[in-house]
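Colleague: Could you take me closely through one buried part of this model, and then through what lies around it?

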Amino acid sequence: MDKKQPHPLFKLGTELGPLIVFFVANAKFNLFVATGAFMVAIVAAMIASYVVVRHVPIMALVTAVIVLVFGTLTLVLHDETFIKVKPTIIYGLFAAILGGGLLFGRSFIAIMFDQMFNLTHEGWRALTKRWALFFLAMALLNEAIWRTQSTDFWVAFKAFGVIPLTMVFAVAQMPLIKRYSIEPATLAESAADEGDISK
């Protein structure tokens, strides 16, 4: 059954909203208040997504779980290191899943991105490699920033740097996606051929 496709602005809002809440709460109060607000906002975003489209993307679900775990550690132990290292864990996990899948001949990028398009096997492998390297680079970048810059700078980067970087990288993959894209007609023909063979 096809999933309802949310309006692009709704999708952007559920992704960017919790980060803006995090940034504003940190600016007005401190990182610990911001962490609590971020946890509430990300749960609210997941609930909103499920209510509107009856579906929560796997990446959003995994991210939310890690946010809740590391956010709780941050608040309970009153140690901001946990929330700062959280993006590193998320990006490292995604890079490991994608890279590990390639070693076993699997391209998990289709699952992570909710099967938004149809590509050839070569296309999926190429896209998986690129995103695995991107996530690895983002993990290293997060480590470099939180270890060398102020908390306010790290929060600003998390709120207003991560999504633009991700969007620019995603747009840069469009030529590859178009090159290896399988048109619906081609898919229908392939299914018909398989049906003829099975008769």
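**A buried lysine and its surroundings**

Modeller: In this predicted model, lysine 158 is buried yet has no salt bridge, and the nearest side chain of opposite charge, that of glutamate 143, is 12 Å away. Lysine 158 belongs to helix H7, which covers residues 151-160, and, leaving aside its neighbours within four places in sequence, it is in contact with Leu19, Phe22, Phe38, Lys86 and Pro87.

Two of the residues just mentioned lead further. Glutamate 143 is itself among the contacts of threonine 88, which also touches Ala139, Asn142 and Trp146 when neighbours within four places in sequence are set aside. Threonine 88 sits in helix H4 (residues 81-103), and it counts as buried because its relative accessibility is 15%, below the 20% limit used for that class.

Phe22, for its part, is a member of the largest nonpolar core, a set of 44 residues in which Phe22, Leu98, Leu127, Trp131, Phe135 and Trp154 touch the most other members. Helix H6 (residues 121-148) supplies the largest share of this core, with ten residues. As for leucine 127, its contacts, not counting residues up to four places away in sequence, are Phe117, Leu119, Gln173, Leu176 and Ile177.

On the surface, by contrast, a nonpolar patch is formed by Ile58, Leu61, Val65, Val69, Leu73, Val76, Leu77 and Ile111, which together have about 670 Å² of accessible area. Helix H3 (residues 58-77) gives the largest share of that patch, seven residues, while isoleucine 111 is placed in helix H5 (residues 109-112).

How values were computed
Residues are numbered from 1 along each chain as its sequence is written. This is a predicted model: local features need pLDDT of at least 70, side-chain atom pairs count only at pLDDT 80 or more; totals for chains, interfaces and linings use all residues. Side-chain values use heavy atoms; hydrogens and water are left out. A nonpolar core is a set of buried Ala, Val, Leu, Ile, Met, Phe, Trp, Tyr and Cys residues joined through side-chain atoms within 4.5 Å. Buried means under 20% relative accessible area, exposed over 50%, partly exposed in between (1.4 Å probe, protein chains only). Helices (H or I, at least four residues) and strands (E, at least two) are DSSP runs, numbered from the N terminus. Contact means heavy atoms within 4.5 Å. Patches are made of residues with over 30% relative accessible area and no salt bridge: like charges are joined within 9 Å, nonpolar side chains (Val, Leu, Ile, Met, Phe, Trp, Tyr) within 5 Å. Accessible areas come from the Shrake-Rupley method with a 1.4 Å probe; for residues, only the protein chains shown count as cover. A salt bridge is a side-chain nitrogen of Lys or Arg within 4 Å of a carboxyl oxygen of Asp or Glu. Lys and Arg count as positive and Asp and Glu as negative; His and the chain ends are not counted.
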